[in-house]
Amino acid sequence: MNIDNAKSQMRKGMLEYCIMLLLRHRAAYASDIIARLKEAELIVVEGTLYPLLTRLKKDGLLCYEWQESKQGPPRKYYALTADGEATLSELDKAWQEIAHTVGVLKDARQDANSQPNQ
């Protein structure tokens, strides 16, 4: 098994969810999203982020608004739509189920390792 490939696939699978989590409480522009993901140790480049933001907008989960910037041109701020909020709620449930399943399996492995051989 290629561990780097497996880790990459895991990150790809949760990237949309992480972006929506960031936008749950406040709108943000792409560079801010990248910086906040980096702070959380999830490295994403613009070439990955922009197509994802476009797809989420096309799916009706995000909207955007242009805002003037003190430095440079106006910035496009992304925010969750009502459908995005509903989808995020479902993703929260799915994440909890996945985390629970992984936790159960890890605990089962630890229990099996601590059992004496019969």
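Author: The buried residues of helix 2 pack against helix 1, strand 1 (28–29), helix 3 and strand 3. The model is predicted, so that local features need pLDDT of at least 70 and side-chain atom pairs count only at pLDDT 80 or more, while totals for chains, interfaces and linings use all residues. Residues are numbered from 1 along each chain as its sequence is written, and side-chain values use heavy atoms, with hydrogens and water left out. Helices (H or I, at least four residues) and strands (E, at least two) are DSSP runs, numbered from the N terminus.

The buried residues of helix 2 are A30, D32, I33, I34, R36 and L37, where buried means under 20% relative accessible area, exposed means over 50% and partly exposed lies in between, with a 1.4 Å probe and protein chains only. R36, which belongs to helix 2, counts as buried because its relative accessibility is 17%. Leaving out residues up to four places away in sequence, R36 touches L22, R26 and A28, contact being defined as heavy atoms within 4.5 Å.

Helix 1 is one of the elements beside helix 2. The axes of helix 1 and helix 2 come within 11 Å and cross at roughly 110°; axes are lines fitted to C-alpha atoms, for helices over the stretch in contact, and angles run from 0 to 180 degrees between N-to-C directions. Helix 1 and helix 2 are therefore roughly perpendicular to each other, on a scale where angles under 35 degrees count as roughly parallel, over 145 as roughly antiparallel, 65 to 115 as roughly perpendicular and the rest as oblique. The contact is made by L15, C18, I19, L22 and L23 on the side of helix 1, and by I33, R36 and L37 on the side of helix 2.

Helix 3 is another of these neighbours. With axes that come within 11 Å and cross at roughly 120°, helix 2 and helix 3 are therefore oblique to each other. Helix 2 passes helix 3 in a right-handed crossing, and this contact is made by A30, S31, I33 and I34 of helix 2 together with E46, L49, Y50 and L53 of helix 3. A crossing is left-handed if the near helix is turned anticlockwise from the far one by less than a right angle, and right-handed if clockwise.

Helix 2 is followed by E41, whose phi is positive, near 65°, and this is a positive value in a residue other than glycine. E41 lies in the loop between helix 2 and helix 3, and with a relative accessibility of 69% it counts as exposed.

The 13 residues of helix 3 (residues 46–58) should span 18 Å at 1.5 Å a residue, and its end C-alpha atoms are 18 Å apart, which agrees; the expected span is 1.5 Å times one less than the number of residues. L49, L52, L53 and L56 are the buried residues of helix 3. Seen down the axis of helix 3, they fall within an arc of 105°, so they line one face of the helix, the arc being that of the directions from the helix axis to the C-beta atoms. An α-helix has 3.6 residues a turn, so residues three or four places apart point the same way. The face of helix 3 turned away from its buried side carries the exposed residues G47, T54 and K58.

What covers the buried residues of helix 3 includes helix 1 (3–23), helix 2 (30–39), strand 2 (62–67) and strand 3 (75–80). Helix 1 and helix 3 pack at an angle of about 75°, with their axes 11 Å apart, and are therefore roughly perpendicular to each other. L15, E16, I19 and M20 of helix 1 make this contact with T48, L49, L52, L53, R55 and L56 of helix 3.

Just after helix 3, G60 takes a positive phi of about 80°. G60 is also touched by G84, which is in contact with M20 and L61 as well, not counting residues up to four places away in sequence. G84 has its place in helix 4 (residues 82–114), and counts as buried at 0% relative accessibility.
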